[in-house]
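Reader: I have not looked at this one before, and I would like to go through it slowly with you. Could you put it up for us?

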Amino acid sequence: MEPDNHSDDCKQIFALLSEYLDAELNPESCEDIQAHLAGCPPCIEFLESLKRTVRLCHNCESAEAPAPLGPETREKLLAAYRKSLSRR
Amino acid sequence: MPSPQTQDEIELARDLLAGKADAFDRFVEVFRSKIFQYALMMCGHREDAEEVAQDTLFKVFENFEQLREPERVRAWVFRIARNACYMKRRKSVFAPTQELSLDDLLPHSEQDGGHRKLEIADWSALPDDQVLRSELRDVIQAAIQELPEIYRAVILLRDVEELSTDETAQVLDISPESVKTRLHRARLAVRRTLDGYLRGIQSGVEHGTGQP
């Protein structure tokens, strides 16, 4: 594979990597990506970093929690819920 | 197939619709914190996030009988939360949208002895995902919060809250294709920020100044 083509191929792969990770690509495109990855260590390295990014995002929620729910607010929410239930 | 976490939420929604005794408090406990976290990342202000959590829950309970499909409870709640966030629009975090270009988000490459090499950090240096250092968490949160709103909205729902592509499309009133496009660019932008952070650490280590 010529270096220039290789780079263009990589660009096409880069554009599809999220859909590939999310299993949202059609089987044909998946096979194309797998075939490319088999011979392209830089794309594997890039895919791994993207995969890691997705996992880190899932675990990134802060330790901050909302202030405790006051009794008045709870009563207000409960009243809205009861009213809604009564309409069913 | 919904995830186990989602399955619990669906059961909770069914219990709430059936008027089961403890369902109300369980629902508040599960969703209040979730909405607060989402709103904090979306709006960037704790005070706004507290209000969004409360306003959202009020609207949810006020209209609960309208939830026809308990299977959609998560998307339904986040749609209300998203609208509550929009009511809190502040210029700094809801600035006019700037499109992210795919080309700008890809790493540079260089020739190295006949092989092409990407200029990216050594990602194996990252700590275990489950025990994120607070500094790394801050970097990720800042990277998400700095995204233009249309990208931030998608990555928060898809990758942080783990809604499906279709659910995210319903919450945001956009097509599933737009969800996919925006998600990819958002991930690439966050990846680039993380990569820069790692390279900074690794360059510091090389020069004996950084934290390993």
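Author: What follows is a short talk about the parts of this structure and where they touch.

Author: This is a predicted model, in which local features need pLDDT of at least 70 and side-chain atom pairs count only at pLDDT 80 or more, while totals for chains, interfaces and linings use all residues. Residues are numbered from 1 along each chain as its sequence is written, and chains are lettered from A in the order in which they are written.

Reader: How many residues of chain A are in contact with chain B?

Author: 40 residues of chain A are in contact with 48 residues of chain B, where contact means that the C-beta atoms, placed from the backbone, lie within 7 Å.

Reader: And which helix of chain A gives the most to that side?

Author: Helix 3 of chain A does, with 13 residues; helix 1 (3-21), helix 3 (41-58) and helix 4 (71-86) of chain A each supply at least two, helices being DSSP runs of H or I with at least four residues, numbered from the N terminus.

Reader: Changing topic, what domains does chain B have?

Author: The domain assignment gives domain 1 (4-87) and domain 2 (102-206) of chain B, with bounds that come from an automatic or database assignment. Their C-alpha centres lie 27 Å apart.

Reader: So where do the two domains of chain B touch?

Author: Nine residues of domain 1 of chain B are in contact with 14 residues of domain 2 of chain B. On the domain 1 side, helix 2 (23-43) and helix 4 (73-87) of chain B give two or more residues each, and the largest share, five residues, comes from helix 4 of chain B.

Technical notes. Contact = placed C-beta atoms within 7 Å.
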